[in-house]
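Please keep the sequence and the coordinates at hand while reading.

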Amino acid sequence: MSAAAAATATAASSAKLAVNPLKHSSLLSKSSLPSAFSIRSRDLPRKKLTLVKCTASRDGAKPTILVAEKLGEAGVNLLEKFANVDCSYNLTPEELNTKISLCDALIVRSGTKVGREVFESSRGRLKVVGRAGVGIDNVDLSAATEFGCLVVNAPTANTIAAAEHGIALLAAMARNVSQADASVKAGEWKRNKYVGVSLVGKTLAVMGFGKVGSEVARRAKGLGMRVIAHDPYAPADRAHAIGVDLVSFDEALSTADFISLHMPLTPATSKMLNDETFAKMKKGVRIVNVARGGVIDEDALVRALDAGIVAQAALDVFTKEPPAKDSKLVQHERVTVTPHLGASTMEAQEGVAIEIAEAVVGALNGELASTAVNAPMVSAEVLAELKPYVVLAEQLGRLAIQLVAGGSGVKNVKVTYASARATDDLDTRLLRAMITKGIIEPISDVYVNLVNADYTAKQRGLRISEERVLLDGSPESPLETITVQLGNVESKFASALSESGDVKVEGRVKDGIPHLTKVGSFEVDVSLEGSIILCSQVDQPGMIGTVGSILGESNVNVNFMTVGRIAPRKQAVMAIGVDEMPSNETLKKIGDIPAVEEFVFLKL
Ligand SMILES: NC(=O)C1=CN([C@@H]2O[C@H](COP(=O)(O)OP(=O)(O)OC[C@H]3O[C@@H](n4cnc5c(N)ncnc54)[C@H](O)[C@@H]3O)[C@@H](O)[C@H]2O)C=CC1
Ligand SMILES: O=C(O)C(=O)COP(=O)(O)O
């Protein structure tokens, strides 16, 4: 007798009427297909792949999107085709917190602080924050992630606008354009006072060689400048391709005549220009900032200007926006300022509005946003290939947890991916998140999605270890099998225990459809759609017919039936896929069949 069979014998009586206690209720609608054992599962209605779906559209109602800052018309039009759109600008933090509990998505630019209180006030309804621009320093990403709220941005549509504004400020500063303009308008004509400096032949240090930085570099080369760049993460060959040398931070500071800032504001870049770093600069350096005010210690900049270390500065961004009217920095006569206009061109605003509207609508529709900031970004091709495996992963998690007696005690999850693909050619983040979702959602009120899966698992003390088994053969499909094992648990269906005592289920994708292929040590084959009844019995003739008749009499449509057995006439597990939920009475009749030792009903 195998270990599983032995366990079955002891657990059999207590598990006889194991009815699913789960709250998950998304049953497939009743199929119009005839009740026969040979129905192909691909004929059944398919579930949509849902990674971060909003609650409102689950009920069929239109979602509500709050647009809290001016967004280009084309973007608003796009949103209105899909949702109720509330364009309310200049909200106080209190007004925003009140409104947000009625919204599924929020769209902001740089002027709205989306802090923890916003997510708390939304009470779980807010599913997407769209940042209509690049910098997401005004959004509390950890709070968003904790609350399972996806944050997306529009990272490309304003790149050129920001780069052009950087160049505009560079040239305007070097030639005192704004000061001279104000002077002429005040009735003066001071040609000697506003003599500038030339750009050609000067060294420009681009700090942050990303999208904007590299476009600034390209344009500055066109103006005849020597361009160097500092960026700890940028590839040297990309810089070389446009004739730029990547240098260290200190070398950039000490050799530059002009410094242009293009890194994001992060804890690491906060106040990276400060008293100490200004002291390393060439005397008379000129600084342009179209990144974020916070990357400069503004008081230190005033000191550096007064000390003559910095000859001039041109600033589009400030630590606090708008800055105080009497700000020494803003009022400094050698400082040129604009009110955060980097992204403000007609073209960029139109582009950004469309980019963010598409991302937000896509996310509310459950699509994986390619501009997600707090969730794995997976390309459309990879996602298309992984789609059935993502469904398989969630269903295996859902099945495994339902096989555990008192499911909430689960702490250890082992996932094994068997694949002929090289390790770095298989992105398991999505699969892990979906297994986590499948395990946690049936036993809690937490809504798990791709955004908060790892965080939620950690919070609940769920340790998920992943293992790869490298198979021989051609890696046409990304995966052969996924196995989910829950360790140190008791099962309500003892035959689901592996030899090592874990609850174990294995599945694979066949013809694009996820299948359950193993329960404990028993090989089965049932498509993962609808619900499943697992019965353990001594293998004998007539079992399929007996169970089939009970289900048929109760008008429960069977879509699949298989029997996995250790050996003929020994222990067997029968897996029955059903389209409808059988009544308790029907389940009891199955449990009362003398040969049935234990059974369990599992909802997908
Ligand atoms: N003033 C405005 O209206 C606008 C401002 N921006 C700001 O410009 C900045 C850059 O935007 P993109 O180029 O689109 O972003 P990006 O992500 O393409 O580039 C940022 C670059 O900074 C680099 N970086 C990170 N830490 C660094 C460090 N410590 N030192 C040097 N480089 C570092 C990164 O490796 C990356 O290459 C962002 O802060 C964004 O918010 C962007 C658009 C408009
Ligand atoms: O995209 C960015 O990072 C910007 O700074 C642009 O900000 P804005 O959308 O104009 O408030």
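## The site of ligand 2

The residues around ligand 2 are Arg109, Ser110, Arg131, Ala132, Gly133, Val134, Gly135, Asn158, Arg292, His340 and Ala343, where a residue is near a molecule if one of its heavy atoms lies within 4 Å of it. This is a predicted model, in which local features need pLDDT of at least 70 and side-chain atom pairs count only at pLDDT 80 or more, while totals for chains, interfaces and linings use all residues. Residues are numbered from 1 along each chain as its sequence is written, chains are lettered from A and ligands numbered from 1 in the order in which they are written, and side-chain values use heavy atoms, with hydrogens and water left out.

Oxygen atoms of ligand 2 take part in several polar pairs: one lies 2.5 Å from a polar side-chain atom of Ser110, one lies 2.9 Å from a polar side-chain atom of Asn158, and one is 2.8 Å from a polar backbone atom of Gly135. Of the 310 Å² of accessible area that ligand 2 has on its own, the protein covers 91%, the areas coming from the Shrake-Rupley method with a 1.4 Å probe, and for residues only the protein chains shown count as cover.

## The site of ligand 1

There are 26 residues around ligand 1, of which Lys211, Val212, Asp231, Val290 and Asp316 come nearest. A nitrogen atom of this ligand lies 3.0 Å from a polar side-chain atom of Asp316. An oxygen atom of ligand 1 is 3.3 Å from an N or O atom in the side chain of His340, and an oxygen atom of ligand 1 is 3.1 Å from a polar backbone atom of Ala343. The protein covers 87% of the 850 Å² of accessible area that ligand 1 has on its own.

## Selected residues

His515 is found in strand β17, residues 513–519 (helices, H or I of at least four residues, and strands, E of at least two, are DSSP runs numbered from the N terminus). With a relative accessible area of 6%, His515 is buried (buried means under 20% relative accessible area, exposed over 50%, and partly exposed in between, with a 1.4 Å probe and protein chains only). The side chain of His515 makes a polar contact with the side chain of Asp525 at 2.6 Å; such a contact is a pair of N or O atoms within 3.5 Å, and within protein one must be able to donate a hydrogen and the other to accept it, residues adjacent in sequence counting only if both atoms are side-chain atoms.

Asp104 lies in the loop between α4 (93–100) and β3 (105–108), is buried at 0% relative accessible area, and reaches the backbone nitrogen of Thr64 with its side chain at 2.7 Å. Ile544, by contrast, sits in helix α19 (residues 543–553) and counts as partly exposed at 33% relative accessibility.

## Cysteines

The count of disulfides comes to zero, a disulfide being a pair of cysteine sulfur atoms within 2.5 Å. For Cys87, the closest cysteine sulfur is that of Cys103, 11 Å away and therefore too far for a bond.

## Confidence

The mean pLDDT of the protein is 87, and 89% of its residues reach 70 or more, pLDDT being the predictor's confidence in each residue, from 0 to 100. Over residues 1–50 the pLDDT is below 50, although this stretch has 104 contacts in the model beyond near neighbours in sequence, a contact meaning heavy atoms within 4.5 Å. Where pLDDT is low, the predicted coordinates should not be read in detail.
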